[in-house]
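Visitor: Please take me through one part of this model in close detail. I would like to know how it is packed and what it touches.

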Amino acid sequence: MTSTQLTGADSPLDALPERWRSLRGAGPVTYDEERRQWHVVDHQGVAAVLSDPATYSSDMTPIAPTQEDFETFTQGNFVGMDPPEHRKLRTLVSQAFTPRVVHGLAPRIEAICARLFDGVADRDRFDLVDTLAYPLPIIVIAELLGVPTEDHRLFQEWAATLFGGDQLGDSLDMADLERALEAIAPTVREMNGYVLDHIRRRRADPGDDLTSRLLSAEVDGTRLEDQEIVGFVALLLVAGHITTTALLGNAVVTFDRHPGTLAALRKDPDRVPAAVEEVLRWLPPFPELGRRTTRAVELGGHEIPADTLLMVHLGAANRDPSRFTSPDVFDPARDPNPHLTFGHGIHFCFGAPLARLEARIALQMMMDRFPDVAVPSYDDVTYQNPAVIVGVRHLPIAVTRP
């Protein structure tokens, strides 16, 4: 099933495909004089860059602004690391955050979704983000880590500050990043202290939570340091929270703007996973990733110096006509769907299985509970800063009940 007909008022999300087309139209690799960075936009080129960490490093330390609290906070965040450090950290964390652990969360995710929907049982209109998309992944992560229920609110407050993007402009540059780091430093400091205290409590009194399993993970006699565990918790907050929040909001907006999609999925629930993948291709929550060249390199016919910022555009690559048939058609049954939304290579998103699981369960329950779901007015929808994340901040919806 494919859909090309859009309904509803214009949305800022509608401008993104044209931007991605414009980027591709300028060539697979181009240089931005104003921001002093290179852009890679074709599917093959983006995949090649992400597959070669020796040449295109995730460690931005030599060229990015620094902030003391943030540097301490990200010691265990292997997204910004290269081998061999990346391999060591990811291997250790993988011992505790296994596919079995993620799969085992399904019943709890279902219970949380049911409770959140029960909270609006007497309402025919509510904000999907406030009701479901925002609290669901935060609660899942906090429970997974063994954080007490009364402290879940803290995680929500921290996430709102870390990913609000209020300090950033429409396009990221180093000045924007420096301002953002300074603005979020107090939040980072507070979160760092809280998580360190939580780790020390679990070290003294281990439980059956992810924090305790991280403390006991060991490879070749090596264990995670406390501060490295803090960094992984920060990574979970990104991969396990904001991606799911954006994915759920983007799914409901996309389904609403492509009539017949929800009805078709209700008739054939087995198609929900494929529809989730198409939403991920259509509106990737993080449409750009940065890489640093470790040496002078030729790419796309251009000579690029060492220590140069390279932006790889997942959103543009996901609409590459050389890789996708009818790339500007939303096709919830698309197969195959080799989108790059969760990355590629050694940095493939660690939180992808959890985000997919949460999205499938939440969307299926929404369809089971409500025969009809609609966005009554796009004038009431507010959006995230697309320089940080593609998604909605508030999404008022109208529902009907059986």
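Guide:

Helix 14 is largely enclosed by the rest of the structure, because 9 of its 11 residues are buried. The buried set runs as follows: Val272, Ala275, Val276, Glu277, Glu278, Val279, Leu280, Arg281 and Trp282. Note that Glu277, Glu278 and Arg281 are on that list. This is a predicted model, so keep the confidence values in view; pLDDT is the predictor's confidence in each residue. The average pLDDT for the protein is 89. A score of at least 70 is reached by 90% of the residues. Residues 1-5 fall below 50. Even so, that stretch has 18 contacts in the model beyond near neighbours in sequence.

Now the partner. Helix 14 spans residues 272-282, and helix 16 spans residues 352-369. Their axes come within 10 Å. They cross at roughly 115°. The crossing is right-handed.

Next, the residues at the contact. Helix 14 contributes Val272, Pro273, Val276, Glu277 and Leu280. Helix 16 contributes Arg356, Ala359, Arg360, Leu363, Gln364 and Met367. By class, that contact holds 7 nonpolar, 1 polar and 3 charged residues. Val272, Val276, Glu277 and Leu280 of helix 14 meet helix 16, and these four are also buried.

Two packed helices are described by the angle between their axes and the distance between the axes. Helix 6 covers residues 106-118 and helix 8 covers residues 135-145. Here too the axes come within 10 Å. The crossing angle is roughly 135°. Helix 6 and helix 8 are therefore oblique to each other. Helix 6 passes helix 8 in a right-handed crossing.

In that pair, Arg108, Ile109, Ile112, Cys113, Arg115 and Leu116 come from helix 6. They meet Pro135, Leu136, Ile139, Val140 and Glu143 of helix 8. The class count for this contact is 8 nonpolar, no polar and 3 charged residues.

Finally, the setting. The protein has 16 helices and 14 strands. It contains 402 residues, and 56% of them are buried. Among contacts with a separation of 6 or more, 76% join residues 24 or more positions apart. Back to the part you asked about: helix 14 has 9 of 11 residues buried, and its axis crosses that of helix 16 at roughly 115°.

Key. Residues are numbered from 1 along each chain as its sequence is written. This is a predicted model: local features need pLDDT of at least 70, side-chain atom pairs count only at pLDDT 80 or more; totals for chains, interfaces and linings use all residues. Side-chain values use heavy atoms; hydrogens and water are left out. Axes are lines fitted to C-alpha atoms, for helices over the stretch in contact, and angles run from 0 to 180 degrees between N-to-C directions. Helices (H or I, at least four residues) and strands (E, at least two) are DSSP runs, numbered from the N terminus. Angles under 35 degrees count as roughly parallel, over 145 as roughly antiparallel, 65 to 115 as roughly perpendicular and the rest as oblique. A crossing is left-handed if the near helix is turned anticlockwise from the far one by less than a right angle, and right-handed if clockwise. Contact means heavy atoms within 4.5 Å. Ala, Val, Leu, Ile, Met, Phe, Trp, Tyr, Cys and Pro count as nonpolar, Asp, Glu, Lys and Arg as charged, and the others, Gly among them, as polar. pLDDT is the predictor's confidence in each residue, from 0 to 100. Buried means under 20% relative accessible area, exposed over 50%, partly exposed in between (1.4 Å probe, protein chains only).
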